[in-house]
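I opened this model to go through it feature by feature. My notes follow the order in which I looked things up.

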Amino acid sequence: MSTPKNILMLAGDGIGPEVMGEVKRVMDWMNDKYDSSFVIEEDLVGGACYDVHGVALTDETLAKAHGADAVLLGAVGGPKWDDVAREHRPEAGLLKLRKEMDLFANLRPALVFDALIDASTLKPEVVRGLDIMIVRELTAGVYFGQPRGEDIRDGVAYGFDTQIYSEPEIDRVARVAFDLAKKRTGKVVSVEKANVMESGVFWRRVVSKLHAAEYSDIELSHMYADNCCMQLVRWPGQFDVIVTDNLFGDILSDCAAMLTGSLGMLPSASLGSKDPVTGKIPAMYEPVHGSAPDIAGQGKANPLASILSYSMMLRYSFDMGTAADKLDQAVQNVLAHGLRTADIMSKGMHELSTRAMGEAVLVELEKLG
Ligand code: NAD
């Protein structure tokens, strides 16, 4: 029996419980088939937690998240909680979780599945085989920098934020990008606006210093954020790993996501720093999509983004690359057989419910052995 892997599953709101239900079935399959010893503990987050406890994340749940080997989250939010005070809104629970776990590196893959190539608004020859990993700094930069606010100066009203990064904040996220590149094609593009921003000049210097000192085997290039946006739609195949700050990462990862054409297919991971004593890296895995209140409870949600988030967990938290490859392949095969949930449905394909899509993945996994 392998060492137990303690997973905290926070299904959240809307379609969260539906899509997480399918992930659970895949995990159970992995336990049966590979004796992989996933132990799932479930708890509340977001609106579901507010309804019971009056807060979107309890201290007990946060402590469980700290203690778990990885956290798997569905989605939070919905119109039911629109009038709740900002600090208790469902999204506040998710932000607190990310902040308290110090999940500074957000990994957003943009992967185009052959069978879904027509879902992209770009030409098939531009997006075929696309496999980009965007590493976004998640806990610093202009979204957190001080001072921020509004002011009246000499009778004129101002609004302002501060873009600020320390060397360790840049160094640690660049390290994640370089380490990922080692396992991929060995190429990193670092993105900032060094042409017009002092913090961009600093970002470039810190990344280059780390590269020269420890990662000279990786091919590093630098790109301005506006050019990167343009290049992503012009010729996305040129990229492998992109590392960038919080603000540019927010924009570029959404842009790259749309290359793939479907929100219901996009996984993500957020990672923290390795504990020097235990060697554990805090990690949370979640689909990119929200709680989709418009389709919640109808069995229409696509569970594949969540299943692919679990695949990222296998790969990055547990070094189970072979199992992750198998799961990714099972998803590819399901799509190649023309099976679709409503959000990715097209003419001539066969429409499935959330449950049936989870079942189809299990059938393919079984075939792959
Ligand atoms: P959304 O991602 O929930 O939905 C956008 C559209 O995509 C909807 O039409 C929805 O039906 C569809 N969609 C999303 N995921 C899908 C899936 N797996 N299968 C099929 N269709 C899917 O974004 P929104 O409508 O802007 O936000 C709804 C709620 O979710 C809001 O309360 C928002 O704050 C919250 N939200 C949460 C997260 C998160 O938990 N990480 C992220 C984004 C939005």
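These entries cover the domains, their interface, the ligand site, salt bridges and backbone geometry.

**Entry 1: domains**

I noted at the outset that this is a predicted model. I looked up the domain assignment of the protein chain. Domain 1 takes in 1–104 + 283–369, and domain 2 covers 108–271. I then checked the spacing of the two domains. Their centres, taken over C-alpha atoms, are 24 Å apart. I also looked at who takes part in the contact. Domain 1 gives 25 residues and domain 2 gives 25 residues.

**Entry 2: the interface**

How much area do domain 1 and domain 2 bury between them? I found about 2400 Å², with 66% of it on carbon and sulfur atoms. Phe104, Val288 and Tyr316 account for 32% of the area that domain 1 buries against domain 2, more than any other three residues.

Next I went through the polar side of the interface. Nine residue pairs are in polar contact across it, both partners at pLDDT 80 or more. The salt bridge count between domain 1 and domain 2 is one. I also looked up Asp102 and Arg172. Their side chains meet in a salt bridge, 3.3 Å from N to O. Side chains of opposite charge can pair when their charged atoms come close.

Which elements give two or more residues to the side of domain 1 that touches domain 2? I listed β12 (283–287), α10 (304–316) and α11 (321–336). The largest share, six residues, comes from α10. I sorted this side of domain 1 by class. It has 16 nonpolar, four polar and five charged residues.

**Entry 3: the ligand**

I moved on to the ligand.

- A polar backbone atom of Gly290 is 2.7 Å from an oxygen atom of the ligand.
- For Ser291, a backbone N or O atom lies 3.1 Å from a ligand oxygen atom.
- Asp294 uses its side chain: an N or O atom there is 2.8 Å from an oxygen atom of the ligand.

**Entry 4: salt bridges**

I looked up the salt bridge count, which comes to 26. I picked out Lys33 and Glu366, whose side chains meet at 3.4 Å, N to O. Lys33 lies in helix α1 (residues 16–34) and Glu366 in helix α12 (residues 354–368), so this pair ties together parts that are 333 residues apart in sequence.

**Entry 5: backbone geometry**

I finished with the backbone. Most residues other than glycine have a negative phi, and most peptide bonds are trans. I noted two departures from that.

Where is the cis peptide bond that I logged? It runs from Gln146 to Pro147, with omega near 0°. Pro147 lies in the loop between β5 (131–137) and β6 (149–153).

Ser37 is not a glycine, yet its phi is positive, about 60°. I placed Ser37 in the loop between α1 and β2 (38–43).

Methods: Residues numbered from 1 in each chain as written. Predicted model: local features only at pLDDT ≥ 70, side-chain atom pairs only at ≥ 80, totals over all residues. Heavy atoms only, no water. Domains from an automatic or database assignment. Contact = heavy atoms within 4.5 Å. Buried area = accessible area lost by both parts, 1.4 Å probe. Salt bridge = Lys/Arg side-chain N within 4 Å of Asp/Glu carboxyl O. Polar contact = N/O pair within 3.5 Å; in protein donor to acceptor, adjacent residues only side chain to side chain. Helix = DSSP H or I, 4+ residues; strand = E, 2+ residues; numbered from the N terminus. Nonpolar A, V, L, I, M, F, W, Y, C, P; charged D, E, K, R; others polar.
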